[in-house]
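Please look over the sequence and the model shown below before reading on. The report after them is written for someone meeting this structure for the first time.

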Amino acid sequence: MPIGNQFLPAMKTAARGLEAQRRKLGAATENLANASTSRTEDGDPFRIKRAVQEVDNADYERLNRGGLDPQLELRITNARHLREASLPPEQATGNLGPETEIEEIEKERLEYDPSHPHADEEGYVHYPDVNVAQEMARMTSANRVYEANLSAVEATKSMAQRTFEI
C-alpha cells in the first residue's frame, strides 16, 4: 500500500469537519445579520438557520449507547506488515462522518409597531426570534472546532513529511 494512502483518510475526515464548522459558522452569522429582518427579498419572513448533522450509520448509534459491541474482537497483527496494520480499503474511503445540512426553523417574535410597512392587520411585525448570545456562542464553538480540525490537518501533513525524511 502506498504511504500516502495511510494519511488520506485522516485528511478527508478533517476536511469533513472543516466543512461542517464552516457551515455552522455561516448559519450563525446569517442569523445574526438578519435578526431584525422582517421579510426577505421574496416577501417571506426570515427563517432561523441551523447546521445539523444526521447520523445514519449503525456504528455511530452503537457508540452513542455508551459502549462497544461485546462481540467486537481486536485483530492481532504484526507491526512489520504494513498492509495488515493499515485500514482496509473500504474503511479508508468509506464513511468519514455525518453530512452537515442547513435546516430552517420558523420561530418568530412579534413587535407592536403599527407604522411599520410590514405590520399585519393587528399592528404586529414578525421578526425571527434570534438569540444573539446563543448565536455568538455557536460561532465561538464552531470557530474553536474549526481550529482543532486545522490542527489535525497540520499534524497529518507533518507526519507525512516526516515519513519521507527517513
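What follows is a short report on the chain, its cavity, and several residues in its helices, strands and loops.

## Basis of the model

This is a predicted model, in which local features need pLDDT of at least 70 and side-chain atom pairs count only at pLDDT 80 or more, while totals for chains, interfaces and linings use all residues. Residues are numbered from 1 along each chain as its sequence is written, and side-chain values use heavy atoms, with hydrogens and water left out.

## The chain as a whole

The chain holds 5 helices and 4 strands, where helices (H or I, at least four residues) and strands (E, at least two) are DSSP runs numbered from the N terminus. Read from the N terminus on, the order of these elements is α-β-α-α-α-β-β-β-α.

Of the 166 residues in the chain, 23% are buried; the term buried means under 20% relative accessible area, exposed means over 50%, and partly exposed lies in between, with a 1.4 Å probe and protein chains only. Among the contacts with a separation of 6 or more, 68% are made by residues 24 or more positions apart, a contact being heavy atoms within 4.5 Å.

Helix H5 covers residues 132-165, and at 1.5 Å a residue its 34 residues should span 50 Å, which agrees with the 49 Å between its end C-alpha atoms; the expected span is 1.5 Å times one less than the number of residues. The buried residues in H5 are Glu135, Met139, Ala142, Asn149, Val153, Thr156 and Ala160. Thr140 also lies in helix H5, but counts as partly exposed because its relative accessibility is 37%.

Asn131 is placed in the loop between S4 and H5, and at 36% relative accessibility Asn131 counts as partly exposed. At the start of H5, a side-chain oxygen of Asn131 comes to within 3.1 Å of the backbone nitrogen of Ala133. Asn131 and Asn31 are 100 residues apart along the chain, and their C-alpha atoms are separated by 9.0 Å.

Arg50 lies in strand S1 and is buried, because its relative accessible area is 17%. The side chain of Arg50 makes a polar contact with the side chain of Glu135 at 2.8 Å; a polar contact is a pair of N or O atoms within 3.5 Å, where, within protein, one must be able to donate a hydrogen and the other to accept it, and residues adjacent in sequence count only if both atoms are side-chain atoms. Leaving aside neighbours within four places in sequence, Arg50 is in contact with Asn31, Glu101, Ile102, Glu103, Ile105, Glu135 and Arg138.

Ala51, also in strand S1, is buried with a relative accessible area of 19%. Ala51 and Lys24 are 27 residues apart in sequence, yet 5.1 Å apart in space from C-alpha to C-alpha. Beyond its neighbours within four places in sequence, Ala51 is in contact with residues including Arg23, Lys24, Ala27 and Thr100.

Glu30 belongs to helix H1 and is partly exposed, with a relative accessible area of 33%. The C-alpha atoms of Glu30 and Arg50, 20 residues apart along the chain, are separated by 10.0 Å. With neighbours within four places in sequence set aside, Glu30 is in contact with Phe46 and Lys49.

The structure holds 1 cavity of 30 Å³ or more, and about 50 Å³ of space lies in the largest cavity. On a 1 Å grid over the protein atoms alone, a cavity is a set of points where a 1.4 Å probe fits but cannot get out, and lining residues have an atom within 4 Å of a point. Grid points are joined across faces, edges and corners, and the volume is the space filled by probe spheres set on the points.

Residues that line the largest cavity include Thr37, Phe46, Ile105, His126, Tyr127 and Pro128. Strand S4 (residues 124-128) gives the most to this lining, with 3 residues. Thr37 lies in the loop between helix H1 (4-33) and strand S1 (48-53), and its side chain makes a polar contact with the side chain of Asn34 at 3.1 Å. Not counting residues up to four places away in sequence, Thr37 touches Phe46, His126, Tyr127 and Pro128.

Conventions. On a 1 Å grid over the protein atoms alone, a cavity is a set of points where a 1.4 Å probe fits but cannot get out, and a pocket is an open set with protein on both sides within 12 Å along at least five of seven lines; lining residues have an atom within 4 Å of a point.
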